[in-house]
Amino acid sequence: MEERIKQYAETLKGKKTINRQALSLIRYADDFVIIHESLEMIKNCQTIIEEWLKDMGLELKPSKTRLTHTFKTEETEAGFEFLGFHIQQHKVGNYRAAKTTNGNLGFITLIKPSKKKVQAHLKHIGDVIDAHKTAPQAALISKLNPIIRGWSNYYSTVVSKETFNKLDNLVYEKLRAWASYRGQGRINKDKYWTTVGNRNWCFCTEDGIELETHASKPIVRHIKVKGTASPYNGDWNYWSKRRGEYPGTPSKVAKLIKKQKGKCPHCSLNFTSEDLLEVDHIIPKSKGGKDTYSNLQLLHRHCQCGSFLAKMGNIHIN
């Protein structure tokens, strides 16, 4: 589908590469978005895709197909929803505007959790709290934590900090109502809330089972995958280097991947995104080796055993 509209872009006036880059198609399963600065271009792409789908006996659903502008206009609502996110552009000054090699664009793109998904998530939490009115506090916390953790992880790569804080405030109000119901109108703060570190009003049991908060999840931007790269196309070098930049990789592992240029020093093969890795001491600490980067190396987990045997010399097992 993407290649079909890219081929159409190449037929337009101007350089083919520039025309291809100016047109974007982002797809996930059966949902996709086409982005271009020209409304006429978008309508032409819609016609091309409708014809392309017709060959497979498929068609676009009118109720889910929408033409909109990323800025606020009088005709349509600004921005669009995609995969639970709301994408919208806002005009700002030169200092905050997105920058390119040709200068400032005059706007900034903000991606936030969609209002529908926020409301659905809050309703889910409310339903769980209502269903546990008479349950122990620990049971309620154990039920809520996976819900809060999973939702926060999904939206932790976009502009979500303000949304996270608002959700925590609303969840707190629901928990107050839960505590008030159990106390027949009176709230026993010391029984259900406590101070943990420098944080007050933590919903926590006497045994230390604590309710997770949305705001405790740090915001870490996602690094876009390059072009048509895939973990299955054999480009181990790209994926090993990317793993060193990926937010989920520990800093020590990331530094060693960069230092070793994505290769295991024991087998000389590139790391892949699915490999199990181990940080190893070149000179063992038992022999005076230090815990510094100059004495550390990153190995495949299955290579670490061979490296250990090489350091210890010949070992015979009877």
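**View 1. Thr 17 in helix α2.** Thr 17 sits in helix α2, which covers residues 16-22; helices (H or I, at least four residues) and strands (E, at least two) are DSSP runs, numbered from the N terminus. Before we go on, please note that this is a predicted model, in which local features need pLDDT of at least 70 and side-chain atom pairs count only at pLDDT 80 or more, while totals for chains, interfaces and linings use all residues. Residues are numbered from 1 along each chain as its sequence is written, and side-chain values use heavy atoms, with hydrogens and water left out. Thr 17 is exposed, with a relative accessible area of 52%. Here, buried means under 20% relative accessible area, exposed means over 50%, and partly exposed is in between (1.4 Å probe, protein chains only). Look for Lys 6 as well: its C-alpha atom is separated by 9.6 Å from that of Thr 17, eleven residues apart along the chain.

**View 2. The protein chain as a whole, for orientation.** The chain has ten helices and eleven strands. Of its 318 residues, 31% are buried. Its accessible surface comes to about 21600 Å², and carbon and sulfur atoms account for 52% of that; areas come from the Shrake-Rupley method with a 1.4 Å probe, and for residues only the protein chains shown count as cover. Among contacts with a separation of 6 or more, 50% are between residues 24 or more positions apart, where contact means heavy atoms within 4.5 Å.

**View 3. Helix α5 and the elements it packs against.** With 18 residues, α5 reaches 26 Å from its first C-alpha to its last, close to the 26 Å expected at 1.5 Å a residue. The expected span is 1.5 Å times one less than the number of residues in the helix. Where does α5 bend? There is a bend of about 25° at Leu 144, and a proline, Pro 146, follows within four residues; the bend is the angle between axes fitted to the seven residues ending at a position and the seven starting there. The buried residues of α5 are Gln 137, Leu 140, Ile 141, Leu 144, Asn 145, Ile 147, Ile 148, Trp 151 and Ser 152. As background for reading such a list, an α-helix has 3.6 residues a turn, so residues three or four places apart point the same way. The partners of these buried residues are β7 (107-113), α4 (115-131), α6, α7 and β9 (199-203).

**View 4. A nonpolar surface patch that includes Tyr 154.** Tyr 154 belongs to helix α5, which covers residues 137-154. At a relative accessible area of 42%, Tyr 154 is partly exposed. Together with Tyr 28 and Leu 83, Tyr 154 forms a nonpolar patch on the surface, with about 320 Å² of accessible area between the three. Patches are made of residues with over 30% relative accessible area and no salt bridge; like charges are joined within 9 Å, and nonpolar side chains (Val, Leu, Ile, Met, Phe, Trp, Tyr) within 5 Å.

**View 5. The salt bridge between Glu 10 and Arg 20.** A salt bridge is a side-chain nitrogen of Lys or Arg within 4 Å of a carboxyl oxygen of Asp or Glu. Glu 10 and Arg 20 form one, with their closest N and O atoms 2.9 Å apart. Glu 10 lies in helix α1 (residues 2-10) and Arg 20 in helix α2, so the pair ties together parts that are ten residues apart in sequence. Glu 10 is partly exposed at 26% relative accessibility, and Arg 20 is partly exposed at 23%.

**View 6. The salt bridge between Glu 210 and Arg 199.** These two side chains meet at 2.8 Å, N to O. The pair links distant parts of the chain, eleven residues apart: Glu 210 is in the loop between β9 and α8 (236-243), and Arg 199 is in strand β9. Glu 210 is partly exposed at 24%, as is Arg 199 at 37%.

**View 7. The salt bridge between Arg 301 and Glu 278.** The N to O distance in this salt bridge is 2.8 Å. Arg 301 is in helix α10 (residues 301-312) and Glu 278 in strand β10, so the pair ties together parts that are 23 residues apart in sequence.

**View 8. Loop residues Gln 184 and Ser 268.** Although Gln 184 is not a glycine, it has a positive phi of about 55°. Gln 184 lies in the loop between α6 (161-182) and α7 (189-192) and is exposed, at 76% relative accessibility. Ser 268, also not a glycine, has a positive phi of about 65°. Ser 268 is found in the loop between α9 (251-259) and β10 (277-281).
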